Amino acid sequence: MSAAVMRRICGVTCAISGTRSIHISPICAEQVMVDGLSLNYQVAGDGTKVALCLPGALGTIESDFAPQLKNLPNHGIKVVCWDPPGYGKSRPPPRNYTMDFLRNDATIAANMMKNLGYNKYSLLGWSDGGISAMMLAATFPQHVERMVLWGSNAYVVEEDVKIYNGIRDVNKWSERMRAPLEAVYGKEYFKAAWEGWVDILTKIFKEKDGDLCREDLAKISCPTLIVHGAKDPMVPLYHPHYLRDNIKNSQLIMMENGKHNIHLRFAEEFNKIISEFLHKDSSLA
């Protein structure tokens, strides 16, 4: 393997797992039954604006959104965050990687919010969570006020699949990169779940022309903010530009020094950006 390829793979793994860590939130976790599944969720704050956080691949409440749970309530935002089915404490059952697993997440998340009594809310979607957010916004537009996406994409091409398969073998990751996710899942489940994620994205590329949610974009009616790290090694720049060009009433903000985890690495700046967006007068959008 060339040095250039190794540098790229190392950069991607750092973006995915090396910057995640387990933050124990002072907010007590709760469980809610949705479509026969026991889902783990947390709520922080009592603001008038409600925002649902949707994490990335194998992501959890603690690993993916600790800075948002801690600080966004100070900006008048009530933050709701979940562990998607098969992730974090929303187990058992284990994650079921079907061709429609992200669309299933979108439906289950919408039903969870309904069960919790939230009729109108915004979406904060990172990476895989951004894909489900777009599907949710397109399918349940009456419930979605605004949407923020980062590190996300509507399709995968050969370049993306090469990135994923380059980091499929977690045994090649450094201990520092593996540790946060192994702490949540244990070595065996983490390895199987990660390989399952890479394999299903590869299958979608081969059997569905890489289409994740292209047709959903035209159905999104809520004001949408796309934030992207210019140095993101996991999601190349053509993805945020495609979202900006195909979601009406959307805008793109680039964070020049950001990688895949901009909401963790630059939490204060990121939280300020999305807080201003969520509170913006819709008539001025």
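Predicted model: local features only at pLDDT ≥ 70, side-chain atom pairs only at ≥ 80, totals over all residues.
**Reading helices, burial and contacts**

Me: Which residues make the contact?

Reply: Contact means heavy atoms within 4.5 Å. Helix 2 contributes P67, Q68 and N71, and helix 10 contributes A267, F270 and N271.

Me: What are the angle and the axis distance for helix 6 and helix 7?

Reply: Helix 6 (residues 175-185) and helix 7 (residues 187-207) pack at about 110 degrees, with their axes 7 Å apart. Helix 6 is therefore roughly perpendicular to helix 7. In the contact, R178, L181, E182 and Y185 of helix 6 meet K187, Y189 and F190 of helix 7.

Me: How many helices and strands does the protein have?

Reply: Helices (H or I, at least four residues) and strands (E, at least two) are DSSP runs, numbered from the N terminus. The protein has 10 helices and 8 strands.

Me: What percentage of the residues count as buried?

Reply: Buried means under 20% relative accessible area, exposed over 50%, and partly exposed in between, with a 1.4 Å probe and protein chains only. Of the 285 residues, 55% count as buried.

Me: Is G125 buried or exposed?

Reply: G125, in strand 5 (residues 121-126), is buried, with a relative accessible area of 0%. Beyond its neighbours within four places in sequence, G125 is in contact with L54, G130, A133, V148, L149 and W150.

Me: Where does L237 lie, and what does it touch?

Reply: L237 sits in the loop between strand 7 and helix 8. Its relative accessibility is 37%, so L237 counts as partly exposed. Not counting residues up to four places away in sequence, L237 touches H228, G229, A230 and M254. L237 and G151 are 86 residues apart in sequence and 9.6 Å apart in space, C-alpha to C-alpha.

Me: Which residues of helix 8 are buried?

Reply: An α-helix has 3.6 residues a turn, so residues three or four places apart point the same way. In helix 8 (residues 238-246), the buried residues are H239, P240 and L243. Seen down the axis, they fall within an arc of 95 degrees, so they line one face of helix 8; the arc is that of the directions from the helix axis to the C-beta atoms. They pack against several elements, including helix 4 (128-139) and strand 6 (144-150).

Me: Which residues touch the most other members of the largest nonpolar core?

Reply: A nonpolar core is a set of buried Ala, Val, Leu, Ile, Met, Phe, Trp, Tyr and Cys residues joined through side-chain atoms within 4.5 Å. The largest has 65 residues, and M112, L123, M134, W194 and W197 touch the most other members. A second, separate core of 23 residues includes I61, M255, I262 and F270.

Note on methods:
Residues numbered from 1 in each chain as written. Heavy atoms only, no water. Axes fitted to C-alpha atoms, helices over the stretch in contact; angles between N-to-C directions. Parallel < 35°, antiparallel > 145°, perpendicular 65-115°, else oblique.
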